[in-house]
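Please look over the sequence and the structure first, and then read on.

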Amino acid sequence: MTDYEKMSNKEFAFSLLGKMNNAGALTDSVLNILTNADECQRRFCCSSGFAVLMEVPSDCSDAELKKLCYFGDKRRYYQDRFVVGKCTFVVENHWYGPNKSNADNRTPFLNWVNSIL
């Protein structure tokens, strides 16, 4: 059994998204949820204005990708590309477990992923 609680934020997010991708669970309807900031805030307590996934141009340069991942002076998305079919995404980098400074968004996301798988 994978211990998601001990993973870094990046490992946590990419591990669960990869698991969903490998299982064929990243359908259009699931991707619509994961790319909708309001849905992500409502379902998973994600930071306001940021979805779990943000689609980026698949052919953008690393420099362009870096600019897309920053909002103001804060990086909000990892600069690693996450590819699903013909679409390329970046993954939100703000993940908080229980008893952290922000609302726990790891637990509801993990529970949602498990309910889909």
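This is a predicted model: local features need pLDDT of at least 70, side-chain atom pairs count only at pLDDT 80 or more; totals for chains, interfaces and linings use all residues.

Three strands form an open sheet, and about 220 Å³ of space lies in the largest pocket.

**The sheet**
- The strands of the open sheet follow the order 1-5-4, and their pairing is antiparallel.
- Strand 1 (53–56) and strand 4 (82–84) are the edge strands, each of them pairing on one side only.
- Between neighbouring strands of this sheet the turn is 40° on average, with direction ignored.
- Strand 5 (residues 87–91) pairs with strand 1 in the antiparallel sense, and four bridges join the two.
- Opposite M54 stands V90, a residue of strand 5.

**The helix across the sheet**
- Helix 1 (residues 9–22) lies across strand 1, strand 4 and strand 5, and it runs at about 15° to strand 4.

**The largest pocket**
- The lining of the largest pocket is formed by T2, D3, Y4, E5, F12, G97, P98, K100, R106, T107 and L110.
- When these lining residues are sorted by class, four are nonpolar, three are polar and four are charged.
- Helix 5 (residues 106–116) gives the most to this lining, to which it contributes three residues.
- As a general point, rolling a probe the size of a water molecule over the atoms shows where empty space is left.

Definitions and conventions. Residues are numbered from 1 along each chain as its sequence is written. Side-chain values use heavy atoms; hydrogens and water are left out. On a 1 Å grid over the protein atoms alone, a cavity is a set of points where a 1.4 Å probe fits but cannot get out, and a pocket is an open set with protein on both sides within 12 Å along at least five of seven lines; lining residues have an atom within 4 Å of a point. Grid points are joined across faces, edges and corners, and a volume is the space filled by probe spheres set on the points. Ala, Val, Leu, Ile, Met, Phe, Trp, Tyr, Cys and Pro count as nonpolar, Asp, Glu, Lys and Arg as charged, and the others, Gly among them, as polar. Two strands pair if DSSP finds at least two bridges between them. Axes are lines fitted to C-alpha atoms, for helices over the stretch in contact, and angles run from 0 to 180 degrees between N-to-C directions. Contact means heavy atoms within 4.5 Å.
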